[in-house]
Amino acid sequence: MGNKCCADGRAGGTPLDVEQTDAPFVISIMGARGLRSSSWLPRSDKVECYCEVKSSEKLLYSTRAIEDPCEPVWNEDVKVASMEEEAALEFSVYDMGAKGVTLLGTGVIKAKDYLQVGFNGLVRLKDAKSGPEAFIRVKVKVTGSALPPGPPAEFNVSAVRASEEESFGLRFDGRDDYNCQVLELVAGAFADYNAGVLPHKQVKKFDFIMSVNGITGASHKMREEFDSKREVNCRVSRSVTTSIIYDRGAASEPLGLEFADLPTSDFLIITAVDEAKHNAKAKDHEKLCVGDRIIAIGSVKCKPNQLQDKFKEQSGKVQLLIMRPAAAQDKDGVERMVHWLFE
C-alpha cells in the first residue's frame with residue numbers, strides 16, 4: 001500500500017511545521033495496545049495503522065504507517081519548536097485501508113501534566129471501539145529537565161530466610177528450563193522483602209526471575225539455589241502481555257513450536273521455536289522465544305492441553321495472546337529489546 005501521505009502529500013513519519021534543531025520539547029510516540037478485539041485478524045485488503053499528534057488543532061507530527069499490526073510500535077521522536085501556552089497534546093490512532101480511514105481512538109495529555117517536568121507513561125485512548133483498555137505509550141521531554149522515569153522493566157532483589165527450613169514464600173514455574181515465573185507469593189522471605197520496599201520494587205505474581213545468585217538461563221539450577229541457600233540475590237523482570245499474529249499455515253503442517261509438559265502447567269509454555277517459520281519475518285516485539293507463554297488463541301482461553309489441541313486445529317493466521325518478560329532477552333540467537341511499555 002506504500003507510505004501513508006499527510007495532508008500536504010508528504011509521506012508519513014515526518015513532522016509538519018516542526019523544526020528539527022534544538023527545541024523545548026521532544027515527543028516520543030512509542031506504541032499502542034488494546035486497539036483490537038481478541039477475534040481480530042488482518043483482512044485480505046490490508047490496513048495500515050498510524051498516529052497523528054496535534055496541539056490546538058495543529059498537526060505536529062504523523063508517524064509512519066505500519067501494516068496489519070495487532071499492537072503497532074512506532075518508536076518515533078519529534079522535536080517541537082513551539083506550542084501555544086497551556087495547550088494540550090492530542091494523539092489520534094487511525095487505520096487506513098481500501099475502505100478509507102477509521103479513527104481507533106484519541107488520547108489527550110493536558111498541559112499541566114507535561115509542561116513543567118515532562119511525561120512518561122500510558123494515555124488512555126477515548127472512544128476506542130475495542131473497549132476501555134486501549135492505550136498509547138508517550139514520552140514528552142522538556143528541555144532542561146530529565147525525562148520522568150518510566151516503570152522499570154527489571155530490578156534486583158535480595159531476600160534472606162531465617163533458616164534453610166523456612167520457605168522463601170514463592171511458588172514458581174520453571175518448565176521452560178530458562179526462567180522461573182512467579183505464580184504465587186505466600187508468607188516468607190519474599191513477602192518480608194516486599195513489605196520493606198516501594199511498590200515499583202515489589203515482586204508480583206507473574207514476574208519472571210531471570211537470575212539467582214548469578215545463575216542465568218537454567219531454571220533448574222536457580223531452583224537449587226532457592227533450595228540450598230539462605231540468601232538469594234535475584235534479577236527480576238516484570239511480565240507483559242502482548243498480542244501477535246501467527247501464520248499457522250495449513251492444519252496439516254507442523255506448528256513450528258514445541259511446548260513444555262502440560263499436566264501441571266498454568267500456560268502453554270514454548271520450549272522450542274522453528275526460526276524459519278515465524279521469526280524470519282517477524283518484527284522485534286513479534287518474535288517468539290523459548291519461555292513465552294501462550295495465554296489465549298483468539299478469544300479462546302482454556303487449559304494448556306486444550307489450548308494446544310485448539311492451536312493444532314487452526315489454519316492460516318491466528319491471534320496469540322502471549323505473556324513474556326518485559327526485560328531485554330537474547331535466547332538462542334533471538335534478540336528482543338526491552339518491551340516498549342517499559343523503556
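1. A salt bridge here is a side-chain nitrogen of Lys or Arg within 4 Å of a carboxyl oxygen of Asp or Glu. By this rule the count comes to 13 salt bridges. The model is a predicted one.

2. Glu71 takes part in one of them. Its partner is Arg33, with the closest N and O atoms 4.0 Å apart. The pair links distant parts of the chain: Glu71 sits in the loop between β5 and β6, Arg33 in strand β2, 38 residues apart. Glu71 counts as buried because its relative accessibility is 5%, and buried means under 20%. Arg33, at 15%, counts as buried too.

3. Glu71 has other partners. Its side chain makes a polar contact with the side chain of Thr242 at 2.7 Å.

4. Arg235 forms a salt bridge with Glu154, the closest N and O atoms being 2.6 Å apart. Arg235 is in strand β16 and Glu154 in strand β11, 81 residues apart. Arg235 is partly exposed at 27%. Glu154 is partly exposed at 31%.

5. Arg324 pairs with Asp292 in a salt bridge, at 2.9 Å between the closest N and O atoms. Arg324 lies in strand β21 and Asp292 in the loop between β19 and β20, so the pair ties together parts 32 residues apart in sequence. Both residues are buried.

6. Now the nonpolar cores. The largest has 31 residues, and Ile27, Phe91 and Ile136 have the most contacts inside it. Strands supplying at least two residues each include β2, β7 and β10. A second, separate core has 19 residues, among them Leu170 and Phe172.

Notes: Residues are numbered from 1 along each chain as its sequence is written. This is a predicted model: local features need pLDDT of at least 70, side-chain atom pairs count only at pLDDT 80 or more; totals for chains, interfaces and linings use all residues. Side-chain values use heavy atoms; hydrogens and water are left out. A nonpolar core is a set of buried Ala, Val, Leu, Ile, Met, Phe, Trp, Tyr and Cys residues joined through side-chain atoms within 4.5 Å. Buried means under 20% relative accessible area, exposed over 50%, partly exposed in between (1.4 Å probe, protein chains only). Helices (H or I, at least four residues) and strands (E, at least two) are DSSP runs, numbered from the N terminus. A polar contact is a pair of N or O atoms within 3.5 Å; within protein, one must be able to donate a hydrogen and the other to accept it, and residues adjacent in sequence count only if both atoms are side-chain atoms.
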